[in-house]
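Please read it with the sequence and the structure at hand.

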Amino acid sequence: KDEKVRLIGVNGPESHHPRKPVECYGLEAEKFTRRRLEGKMVTMTTDKFKKNRDLYGRLLRYVQVSSKNIDFNDELLVNGYAYYRPYGKIEKAQLYQDAEALAKQWKNGLWSKCI
C-alpha cells in the first residue's frame, strides 16, 4: 500500500503545493531527497511524543537510510535542505536544533541562497 510520509522535525521548502508557488531551494531539496531515497532501503520509526499520523493522514516518521545508517531527517537539516520544525515536542529536538544551527553557521543550502 502506498503511503504519504511526513518527516518528523523538518519542513522543506515547497516544490509542489497546489496553491503556493515553488519556494526558494524547493526544487534542490526535492532533487536531493529523490537522489538519496528513491530505490533505497529505509527504516522508518515513530516518535514517542507524536501520534502515528498527522492531520492530513500522513505517517509521521523518522527516516533512516538503512545501508549507511544515516538519519535522513538530520541529513536534510545539516545540509540546508530543510528547516527545523518540530510542531510540538519530539525526541530528537536537540539533535535537529544543532543540525540546523550548523547549516546556518556553514551557510549550507537554503541558508546561503534564500536568507
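Gln 105 counts as exposed, because its relative accessibility is 58%, and its place is in helix α3. This is a predicted model, and local features are described only where pLDDT is at least 70. From C-alpha to C-alpha, Gln 105 and Val 78 are 10.0 Å apart in space, while in sequence they are 27 residues apart.

Helix α3 also holds Glu 100. When residues up to four places away in sequence are not counted, Glu 100 touches Leu 77, Tyr 83, Tyr 84, Arg 85 and Trp 111.

Tyr 87, found in the loop between β6 and α3, has a phi near 50°, which is a positive value in a residue other than glycine. Lys 107 is found in the loop between α3 and α4, and although Lys 107 is not a glycine, its phi is positive as well, at about 55°.

| Residue | Relative accessibility | Class |
|---|---|---|
| Cys 24 | 39% | partly exposed |
| Tyr 87 | 53% | exposed |
| Gln 105 | 58% | exposed |
| Lys 107 | 55% | exposed |
| Cys 114 | 24% | partly exposed |

## The disulfide

A search of the whole structure finds one disulfide, and this link joins Cys 24 to Cys 114 with an S to S distance of 1.9 Å. Because Cys 24 lies in the loop between β2 and α1 and Cys 114 in the segment after α4, the pair ties together parts that are 90 residues apart in sequence. The link of Cys 24 and Cys 114 is left-handed, with -80° about the S-S bond.

In soluble globular proteins, nonpolar side chains tend to be buried together. The largest nonpolar core of this model has 24 residues, and those with the most contacts inside this core are Phe 72, Leu 76, Leu 77 and Ile 90. Two or more residues of the core come from each of the elements α1, β4, α2 (72-78), β6 (83-84), α3 (93-106) and α4 (110-113). Leu 76, if its neighbours within four places in sequence are left aside, is in contact with Leu 7, Val 10, Phe 32, Thr 33, Tyr 81 and Ala 82.

## The largest pocket

How is the largest pocket lined, and which residues are the closest to its centre? The volume of the largest pocket is about 1,600 Å³. Its lining consists of 39 residues, of which Lys 4, Val 5, Arg 6, Leu 7 and Arg 58 are the closest to the centre. The elements that contribute two or more residues to this lining are β1 (5-7), β2 (10-11), α1 (26-37), β3 (42-45) and β4 (59-65), and α1 gives the most, with six residues. By residue class, the lining of the largest pocket divides into 19 nonpolar, eight polar and 12 charged residues.

Methods. Residues numbered from 1 in each chain as written. Predicted model: local features only at pLDDT ≥ 70, side-chain atom pairs only at ≥ 80, totals over all residues. Heavy atoms only, no water. 1 Å grid on protein atoms, 1.4 Å probe; cavity = no way out; pocket = protein on both sides within 12 Å on 5 of 7 lines; lining within 4 Å. Points joined across faces, edges and corners; volume = space filled by probe spheres on them. Helix = DSSP H or I, 4+ residues; strand = E, 2+ residues; numbered from the N terminus. Nonpolar A, V, L, I, M, F, W, Y, C, P; charged D, E, K, R; others polar. Core = buried A, V, L, I, M, F, W, Y, C linked by side-chain atoms within 4.5 Å. Buried < 20%, exposed > 50% of the residue type's maximum accessible area, 1.4 Å probe, protein only. Contact = heavy atoms within 4.5 Å. Disulfide = S-S within 2.5 Å.
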